[in-house]
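Biologist: I would like to learn how to read a protein model feature by feature, with the general idea coming before the particular case. Could we go through one together?

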Amino acid sequence: MPQVTKSNEEFDVVKYFLQLLEDDKDMSSGIAAIKTLLMILEKKQFGTIHILHTTMREAVAAMRNTDLSIAAIVSAGELFCRFITLSLDDKHMEECRQIMLNRGKIFLTKLQNSRQVISQQAQRFISDGCRILTHSRSRVVLKALIAASQNKKTFHVFVTQGGIGNSGEEMVQDLQAAGIDCTLILDSATGYVMESVDFVMVGAEAIVESGGIINRIGSYTMGLCAREMKKPFYVLSESFKFSRLYPLNQRDLPNEYKYSRKHLNDISKVHPLVDYTPPAYITLLFTDLGILTPSAVSDELIKLYM
């Protein structure tokens with residue numbers, strides 16, 4: 001874990017955040033954001049709850065200003081701050097800080113176990129001999145597939161390249177290292193492969209209020225294809241990715257979610273990095289809060305933010 005000085009002025013939020021991700025390639029940006037906020041809470045002194053809120057908001061703004069997908073950073077930061085500051089009336093600030101630290105550590109521990117919970121839920125949907133289509137590389141999908149393989153289930157996974165970068169190739173390498181049969185396919189081969197698979201299983205960068213998802217570009221196309229060919233479309237995602245966005249279409253997604261920050265001033269000649277898959281195309285969502293239908297997501301969000 002990166003070293004942090006005790007001086008408020010010397011703590012570099014972005015440097016600490018990026019170093020966490022560099023040190024652990026398997027860590028999601030949402031978990032790294034929560035760890036960074038927890039470290040701020042531990043190392044800095046706050047005169048009032050208002051100052052604490054302001055500091056946390058500034059830290060989230062700094063982290064979302066990196067060239068990473070901001071969906072998980074924003075949702076994880078909001079949920080963390082909401083959870084640690086509940087019911088703190090009539091308490092001294094230092095007492096509040098200790099309560100928030102304890103809550104934050106509990107919150108983080110629970111979320112760090114979320115992939116394990118989700119992979120266990122997905123087991124009964126992965127059967128011997130089944131053929132699965134997944135999009136690019138998802139850590140939680142990978143964990144579920146490896147867990148199924150370790151439970152002596154044999155299956156075949158088709159992995160799309162996932163657009164720019166080599167994320168699909170990395171997913172195939174990870175699956176092969178775990179002894180899982182897999183095939184790397186072009187994104188444009190989704191329709192061709194769809195008729196031969198049993199279901200689709202993807203991750204998500206965010207789950208929005210409607211029960212739809214924001215995920216790597218091409219997920220929407222995969223959802224359209226799956227519904228047309230009557231194939232189940234499963235989403236595996238941790239609850240810290242629940243977001244209070246409510247897009248109705250692709251244009252409703254904020255540009256900062258869709259494009260790299262270096263292109264925000266002129267998006268006319270670049271393609272989006274993510275798209276929105278509406279709830280109508282999603283069969284079930286596997287989360288650490290349970291297996292949900294898309295229509296149940298708004299209820300869970302209300303509980304999270306109450």
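**Helices, rings and backbone angles**

Modeller: In this predicted model, the axes of helix 1 (residues 13-23) and helix 2 approach to within 9 Å and cross at roughly 135 degrees. Axes here are lines fitted to C-alpha atoms, for helices over the stretch in contact, with angles running from 0 to 180 degrees between N-to-C directions, and helices (H or I, at least four residues) and strands (E, at least two) are DSSP runs, numbered from the N terminus. Because the model is predicted, local features need pLDDT of at least 70 and side-chain atom pairs count only at pLDDT 80 or more, while totals for chains, interfaces and linings use all residues. Residues are numbered from 1 along each chain as its sequence is written, and side-chain values use heavy atoms, with hydrogens and water left out.

Biologist: What does that angle make helix 1 relative to helix 2?

Modeller: Angles under 35 degrees count as roughly parallel, over 145 as roughly antiparallel, 65 to 115 as roughly perpendicular and the rest as oblique; helix 1 is therefore oblique to helix 2. As for handedness, a crossing is left-handed if the near helix is turned anticlockwise from the far one by less than a right angle, and right-handed if clockwise, and the crossing of helix 1 and helix 2 is right-handed.

Biologist: Which residues in helix 1 and helix 2 meet?

Modeller: Contact means heavy atoms within 4.5 Å. On the helix 1 side the residues are V13, Y16, F17, L20 and L21, and they meet S29, A32, A33, K35, T36, M39 and I40 in helix 2. The residues of this contact of helix 1 with helix 2 divide into 9 nonpolar, 2 polar and 1 charged, where Ala, Val, Leu, Ile, Met, Phe, Trp, Tyr, Cys and Pro count as nonpolar, Asp, Glu, Lys and Arg as charged, and the others, Gly among them, as polar.

Biologist: How would I read the crossing of helix 6 and helix 7?

Modeller: The axes of helix 6 and helix 7 (residues 139-150) come within 8 Å and cross at roughly 55 degrees, which makes helix 6 oblique to helix 7. The crossing of helix 6 and helix 7 is right-handed. R115, Q116, I118, S119 and A122 in helix 6 meet R139, V140, K143, A144 and A147 in helix 7, and the residues of this contact divide into 5 nonpolar, 2 polar and 3 charged.

Biologist: How many aromatic pairs are there?

Modeller: Rings of Phe, Tyr and Trp (its six-membered ring) pair if their centres lie within 6.5 Å; planes under 30 degrees apart count as stacked, over 60 as edge-to-face and the rest as tilted. By this rule the count comes to 8 aromatic pairs. The rings of F125 and F286 have their centres 4.9 Å apart and their planes at 85 degrees, so the pair is edge-to-face. This pair links distant parts of the chain, 161 residues apart, with F125 in the loop between helix 6 (114-122) and strand 1 (131-134) and F286 in strand 9 (residues 284-287). F286 is buried, with a relative accessible area of 0%, and F125, F199, Y234 and F286 form one aromatic cluster.

Biologist: What should I look for in the phi angles of S136 and K230?

Modeller: Most residues other than glycine have a negative phi. S136 has a positive phi near 60 degrees without being a glycine; S136 is placed in the loop between strand 1 and helix 7 and counts as buried at 2% relative accessibility. K230, also not a glycine, has a positive phi of about 55 degrees; K230 lies in the loop between helix 10 (219-228) and strand 7 (233-236) and counts as exposed at 74% relative accessibility.

Methods: Buried < 20%, exposed > 50% of the residue type's maximum accessible area, 1.4 Å probe, protein only.
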